[in-house]
Amino acid sequence: MHKLNGFKQVPFANIGTPIEREEAMLKNKNIDKAIKLLRTFQSIDKDMSVTCALTVLLASRHNRQKDLEQMLGLSNAAASRNVAYWGKRYKPNVAGKDYIGSSLDPMDHRLRLIDIRPQGHVLFNTIDEILGE
């Protein structure tokens, strides 16, 4: 029996019934997909935090920065930094990723709206391919 990071790694052939073996193999495929997904984010920025990755994922489902703040449990300032990171301009003289855009809400100038840019759609297509395998 092999050990991986302190966990026992059981060969599929040693797992009970055929149904149990199939379930174990499926779980392994899902883990492989998760690893591939995380490596996709790592290829964008090797030091990216999970919260930063979640920002762009949640931006695909919500169009207000305020919603991202609430979903991620972040302050307005932290959410703004994460949106800026994925935006066109991260900091003065530092380019962003240009995956999402941000603009003032025309109905309420206290709020910011977010939208997905073409590069963001490329990322989401990659994610769909990974999860659809």
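A polar contact, as I use the term here, is a pair of N or O atoms within 3.5 Å; within protein, one must be able to donate a hydrogen and the other to accept it. The model is a predicted one.

**Entry 1: Thr-55.** I started in helix α2, where Thr-55 is found. What does its side chain reach? I find the backbone oxygen of Thr-51, at 2.9 Å. Buried or exposed? Thr-55 has a relative accessible area of 1%, and buried means under 20%, so I put it down as buried. Leaving out residues up to four places away in sequence, I listed what Thr-55 touches: Leu-68, Leu-72, Asn-82, Val-83 and Trp-86.

**Entry 2: the core.** In soluble globular proteins, nonpolar side chains tend to be buried together. I looked up the largest nonpolar core here and got 22 residues. Phe-41, Ile-44, Met-48, Val-56, Trp-86, Ile-100 and Leu-123 have the most contacts inside it. At least two residues of this core come from each of α1 (18-44), α2 (50-59), α3 (65-72), α4 (76-86), β6 (112-116) and α5 (118-132). Which of them gives the most? That is α2, with 5 residues. I also checked Met-48: not counting residues up to four places away in sequence, it touches Phe-41, Ala-53, Tyr-85 and Trp-86.

**Entry 3: Tyr-85.** Next I went to helix α4, the place of Tyr-85. Tyr-85 is buried, at a relative accessible area of 10%. With neighbours within four places in sequence set aside, its contacts are Ile-44, Asp-45, Met-48, Cys-52, Tyr-90, Gly-96 and Lys-97. I also took the C-alpha separation of Tyr-85 and Ala-95, which are 10 residues apart along the chain, and got 8.5 Å.

**Entry 4: rings.** How many aromatic pairs does a search of the whole structure find? I get 4. One of them joins Tyr-85 and Tyr-90 edge-to-face, with 5.5 Å centre to centre and 90° between the planes. Tyr-90 counts as partly exposed, at 29% relative accessibility. Trp-86 and Tyr-99 have ring centres 5.1 Å apart and planes at 75°, so I call that pair edge-to-face as well. Trp-86 lies in helix α4 and Tyr-99 in the loop between β4 (94-95) and β5 (100-104), so this pair ties together parts that are 13 residues apart in sequence. Both Trp-86 and Tyr-99 are buried.

Notes
Residues are numbered from 1 along each chain as its sequence is written. This is a predicted model: local features need pLDDT of at least 70, side-chain atom pairs count only at pLDDT 80 or more; totals for chains, interfaces and linings use all residues. Side-chain values use heavy atoms; hydrogens and water are left out. A nonpolar core is a set of buried Ala, Val, Leu, Ile, Met, Phe, Trp, Tyr and Cys residues joined through side-chain atoms within 4.5 Å. Buried means under 20% relative accessible area, exposed over 50%, partly exposed in between (1.4 Å probe, protein chains only). Helices (H or I, at least four residues) and strands (E, at least two) are DSSP runs, numbered from the N terminus. Contact means heavy atoms within 4.5 Å. Rings of Phe, Tyr and Trp (its six-membered ring) pair if their centres lie within 6.5 Å; planes under 30 degrees apart count as stacked, over 60 as edge-to-face and the rest as tilted.
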